[in-house]
Amino acid sequence: MNKSGVKPAEGKLGVLTVGLGAVSTTFITGVLMTRKGLAKPVGSMTQYDIIRVGEGEDEKYLKYNQIVPLAKLDDIVFGAWDVYPANAYESATNAEVLKEKDIEPVKDELVKIVPMKAAFDKNYAKRLDGNNVKDCKTRWDMVQELKKDIQNFKKTNNCARVVVLWAASTEVYVPVDEKVHGTLAALEAAMKADDREHIAPSMCYAYAALTEGAPFIMGAPNTTVDIPAMWELAEKVKLPIAGKDFKTGQTLVKSGFAPILGVRCLGLSGWFSTNILGNRDGLVLDEPANFRTKEVSKLSTLESILVPEKQPDLYTDYYHKVRINYYPPRNDNKEGWDNIDIFGWMGYPMQIKINFLCRDSILAAPLCLDLVLLSDLAARAGRYGIQRFLSFFLKSPMHDYTKKEVPVNNLFEQYVMLKNAIREMGGYKADQRID
Ligand SMILES: NC(=O)c1ccc[n+]([C@@H]2O[C@H](COP(=O)([O-])OP(=O)(O)OC[C@H]3O[C@@H](n4cnc5c(N)ncnc54)[C@H](O)[C@@H]3O)[C@@H](O)[C@H]2O)c1
């Protein structure tokens, strides 16, 4: 145990990804390649970032694993569920994110990662038609099957701990319904009553993970763990939950750029964001009900950074629009355009254009690694419930809206929260100094 009582990261850490598509296979392949010394985990905070700790003469800059006990990459064992039966090697190859030269050296390990049957309901992702799907009569059956999967995986791979990461397709939008999602008892009753309208398959994964002792991370914008019933469960089993939606390309830029306008008191009249992408994620999001989930998540970013109530002259009624267009030729190489209409002194208008030619999964992979390692750390530190310090990695960070908590979307404020949590878990004092 370290000086602030965090348990050591002993034994194997099982990382179970829900979905073995572009993001998961890029993440897994990158970790395996890094382990062999054949690639660098660029973009990962846990592998690269340094944090100032200590005061006066004791002040120093340390990497995360010098401050807190993080699981080693060598100790990670991967497993997955997917609707399609392709193993991680086939799926990484099909995704066309990584070149052959970056996959082949770890082929033997990837081939062994064969997805378990998915807990799936086509009504939640109409564009998918894989057959590697569990035959479950009710949502409660799904939970039981998933629990067995986690138990078997843990036993077979001799894992001391497991983390479950949702990197599967975005489900259709499930608005929070107080009657079903408001309490754990109501949620369990709805699962048992097979209420398919209110219980998304992702909720079954989260419920199974948490009741099997595994922290759960939601990398898509699904409302899965962003409901009071799941917060209650996480508190009950004393495990961390994190979500939602990896903050990768356009929203990363937005949450880093919007503060420029805010701190210089420049006005905003409109922000139009559009994208083209052609991977399977784009295909699923081409369905309006699935896009709705993403839209809600992407739109939330500006609201807490440029707040009309705080600056009515500058931010009242700005027009914020987000579009995603499925365009197969681009595959995973998403292109995003932002047109920002701002105004300055005496209301004179100006425009800013941002054109980001990114790679979706290349940006998401390091977030997967960080979210997994930091959720595992949080669990060993005895932290449970919503992990707000992980907001840094998420587009639509979870917060207890029933207590009128506001989300923190400003990238730099999120960074302070992240660093302070690491400092505290390392037994150092939190502070607000910028460096
Ligand atoms: N890449 C990014 O920049 C980024 C950013 C934010 C969020 N995301 C989200 O991450 C998720 C994964 O993205 P991707 O590009 O890897 O997509 P993908 O389509 O390549 O992979 C998703 C996989 O999930 C599987 N799946 C769907 N429902 C499932 C279920 N119920 N159980 C098990 N497997 C299931 C699909 O069969 C598919 O293989 C998406 O929800 C996406 O919106 C990605």
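Let me start with Asp194, which sits in the loop between helix 8 (184-192) and helix 9 (201-211), where helices are DSSP runs of H or I with at least four residues, strands are runs of E with at least two, and both are numbered from the N terminus. This is a predicted model, in which local features need pLDDT of at least 70 and side-chain atom pairs count only at pLDDT 80 or more, while totals for chains, interfaces and linings use all residues. Residues are numbered from 1 along each chain as its sequence is written.

Most residues other than glycine have a negative phi, and most peptide bonds are trans. Asp194, however, has a positive phi, near 55 degrees, and Asp245 has one near 75 degrees. Is Asp245 buried or exposed? Asp245 counts as buried because it has 25 C-beta neighbours inside 10 Å, whereas Asp194, with 14, counts as partly exposed; buried means 20 or more other C-beta atoms within 10 Å of the residue's own, exposed 12 or fewer, and partly exposed in between, with C-beta atoms placed from the backbone.

Asp245 lies in the loop between strand 8 and helix 11, and Lys244 is in the loop between strand 8 (240-242) and helix 11 (250-263). Gly243 and Lys244 are joined by a cis peptide bond, with omega about -5 degrees.

Turning to helix packing, helix 8 meets helix 10 (residues 228-237) at about 110 degrees, with the axes 8 Å apart; axes are lines fitted to C-alpha atoms, for helices over the stretch in contact, and angles run from 0 to 180 degrees between N-to-C directions.
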